[in-house]
Amino acid sequence: MTNSNKLIFDIETVGEDFESLDKTTQENLTQWIRKESAGDEEYAVALEELKNRLGFSPLTAEIVVIGVLDYYKNHGVVYFQAPGEKHKEFSENNITFKQTTEKEMLVKFWEGAEQYEYFITFNGRGFDVPFLMIRSAIHGIRPTKDLMRGRYLYQQNPNAIHIDLQDQLSFYGALRKKGGLHLWSRAFGIESPKSGGITGDDVGRLFAEKKYLDIARYNVGDLRATKELYEKWQKYLNF
């Protein structure tokens, strides 16, 4: 494992505006909360929560940032959307920032993935990879690696080993509280990407405020923390 190419990656997503959805889609999304809500007040609270969670499904959201970091080179690229703006490519601290569309960043991601055998994420099986694969299919792009094949490492293709650190550190759910990246970073003395005051819940708001580079730089924090957390797992818990 130590001599193979390794890629760390992370995505950021933004949900569609609920009010812009067609009536049938709105009804489809809200029918269950109508049935379960005791009254108008409870329904209003549930509806607001639903609107805020549209970014968690590839059916009602799009990818606005894909960040990748080569483990050994410690150099990465962050592809980001910035609708209505034009940003020249630039670099900061070994990270190159490139403005693209969602389709373009997906093409670039899968092209780059062909060079790697190991893929490192935090909760990638539960979020990032299904999102990447479904959004790619929607755009007519075929993924070059099957990063969902086999949950356990020994079940996976030797050319596409996906190490989801949340799975590994929680021993595939044996640990009752799986914990998010912030909690694991805190426990291991790693600088949390959330320490800058931005969390994943803020991405939708920042995107609406056109703070595209803030989202891109936040993604870099996730990449760095994931890299350090991987090193802890590799040194002390990978048997």
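I looked up Lys227 and found it buried, at a relative accessible area of 14%. I use buried for under 20% relative accessible area, exposed for over 50% and partly exposed for in between (1.4 Å probe, protein chains only). The model is predicted, so local features need pLDDT of at least 70 and side-chain atom pairs count only at pLDDT 80 or more, while totals for chains, interfaces and linings use all residues. Residues are numbered from 1 along each chain as its sequence is written, and side-chain values use heavy atoms, with hydrogens and water left out.

Next I checked the partner of Lys227. The side chain of Glu231 meets that of Lys227 in a salt bridge, 3.1 Å from N to O; the term means a side-chain nitrogen of Lys or Arg within 4 Å of a carboxyl oxygen of Asp or Glu. Both residues lie in helix 8, four residues apart, which means about one helical turn between them. Helices (H or I, at least four residues) are DSSP runs, numbered from the N terminus. I noted Glu231 as partly exposed, at 30%.

Helix 8 (residues 212-236) also holds Asp222. I found Asp222 in a salt bridge with Lys194, the closest N and O atoms 3.7 Å apart. This pair links distant parts of the chain, 28 residues apart, with Lys194 in the loop between helix 6 (181-187) and helix 7 (203-208). Asp222 is buried at 5%; Lys194 is partly exposed at 23%.

I then turned to Arg205 and Glu209, whose closest N and O atoms are 3.3 Å apart in a salt bridge. Arg205 is partly exposed at 41%, and Glu209 is partly exposed at 38%. I recorded a network of salt bridges linking Asp202, Arg205, Glu209 and Lys211.

My count by this rule is nine salt bridges.

Conventions
Helices (H or I, at least four residues) and strands (E, at least two) are DSSP runs, numbered from the N terminus.
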